[in-house]
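Subject: Handover of a structure and a summary of its features

Dear colleague,

Please find below the structure that I am handing over to you. After it, I set out what was found in it.

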Amino acid sequence: YSGRGTFTNLYISEGLKKGIPTIYITTQHTPNEVKDQLRNIIPKIDAYEEKGLIKFIDIYSRSMGITEELPNTIYIEKSTELDAIQNALERYQLEFKDKYPYHKIVFFSVSTLLTYSEPLSIFRFFQVQEEHGQYQGNDHNYNRDDSCRALLHNCNSITQALCPASP
């Protein structure tokens, strides 16, 4: 147990209490399960959602055959649909842009993407997110399992091989 779920929940709750919105990208739980976990720290999480301060991008439910439709949630059919994830992020970021000076993005957990997608695609996806974040005032929290260290190391090795440092 690494405590990454606890850290993530505290990260979100501290922001919400200050009126800082969060985009939560979930690959391992439904939005209702995430809210149940958050309820341990923020008993009135539903009130924050009703105010539009927490939005979900759900990459989990459809892959599990769950068809419910929840407000403040964009559903992605497959974890390999990086363009759809990007488009959903941009949609929510545009909603937040004029109302808030910045927002938080939680991606729990990156491990799922690394499992089902090509590592360089994931690297490029997060590189774009980081660049967008610098201009939009985002605060990111990307969680991954320790089991993904080898995949990240391989991605780094591939990147170094393709883009060697100048002598």
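Which residues point one way from S4, and which the other way? His103, Ile105 and Phe107 point one way, while Lys104, Val106 and Phe108 point the other, and all are buried. Please keep in mind throughout that this is a predicted model.

**The chain as a whole**

The chain contains seven helices and five strands. Along the sequence, these follow the pattern α-β-α-α-β-β-α-β-α-α-β-α. Of the 167 residues in the chain, 47% are buried. The accessible surface of the chain amounts to about 9100 Å², and carbon and sulfur atoms hold 52% of that surface. Among contacts in the chain with a separation of 6 or more, 70% are between residues 24 or more positions apart.

Strand S4 covers residues 103–108. Six of the six residues of S4 are buried, so this strand is largely enclosed by the rest of the structure.

Tyrosine 24 illustrates both pairings. This residue stands opposite phenylalanine 56 in S2, and its bridge partner in S4 is valine 106. Threonine 22, for its part, stands opposite lysine 104 in S4.

**The surroundings of serine 109**

Serine 109 lies in the loop between strand S4 and helix H5 (110–116). A cis peptide bond joins phenylalanine 108 and serine 109, with omega at about 15°. As background, most peptide bonds are trans.

Threonine 27 is placed in the loop between S1 and helix H2 (31–39). A polar atom of the threonine 27 side chain lies 2.9 Å from the backbone oxygen of serine 109. Leaving aside residues up to four places away in sequence, threonine 27 touches Ile59, Tyr60, Phe107, Phe108, Ser109 and Thr112. Why does threonine 27 count as buried? Its relative accessible area is 7%, and buried means under 20%.

Glycine 5, found in helix H1, is partly exposed, with a relative accessible area of 25%. Glycine 5 and serine 109 are 104 residues apart in sequence, and their C-alpha atoms are 9.8 Å apart in space.

Helix H1 (residues 4–17) has 14 residues. From its first C-alpha to its last, H1 reaches 20 Å, close to the 20 Å expected at 1.5 Å a residue. The buried residues of H1 include Tyr11, Ile12 and Leu16. Glycine 19 follows H1 and has a positive phi, near 80°.

Asparagine 72 also has a positive phi, of about 60°, although it is not a glycine. Most residues other than glycine have a negative phi. Asparagine 72 lies in the loop between strand S2 (54–58) and strand S3 (73–75).

**Salt bridges**

How many salt bridges does the structure hold? There are six. Side chains of opposite charge can pair when their charged atoms come close.

Glutamate 49 forms a salt bridge with lysine 35, and their closest N and O atoms are 2.7 Å apart. Glutamate 49 lies in helix H3 (residues 45–50) and lysine 35 in helix H2, so the pair ties together parts that are 14 residues apart in sequence. Glutamate 49 is buried, at 7% relative accessible area, and lysine 35 is buried, at 7% as well.

The side chains of lysine 55 and glutamate 95 also meet in a salt bridge, at 3.0 Å from N to O. Lysine 55 is in strand S2 and glutamate 95 in helix H4 (residues 82–97), so this pair ties together parts that are 40 residues apart in sequence. Lysine 55 counts as buried, at 8% relative accessibility, whereas glutamate 95 is partly exposed, with a relative accessible area of 30%. Salt bridges that share partners also join Asp36, Arg39 and Asp46 into one network.

Yours sincerely

Terms used:
Residues numbered from 1 in each chain as written. Heavy atoms only, no water. Helix = DSSP H or I, 4+ residues; strand = E, 2+ residues; numbered from the N terminus. Expected span 1.5 Å × (residues − 1). Buried < 20%, exposed > 50% of the residue type's maximum accessible area, 1.4 Å probe, protein only. Pairing = 2+ DSSP bridges. Contact = heavy atoms within 4.5 Å. Areas by Shrake-Rupley, 256 points an atom, 1.4 Å probe, with all protein chains shown as cover. Polar contact = N/O pair within 3.5 Å; in protein donor to acceptor, adjacent residues only side chain to side chain. Salt bridge = Lys/Arg side-chain N within 4 Å of Asp/Glu carboxyl O.
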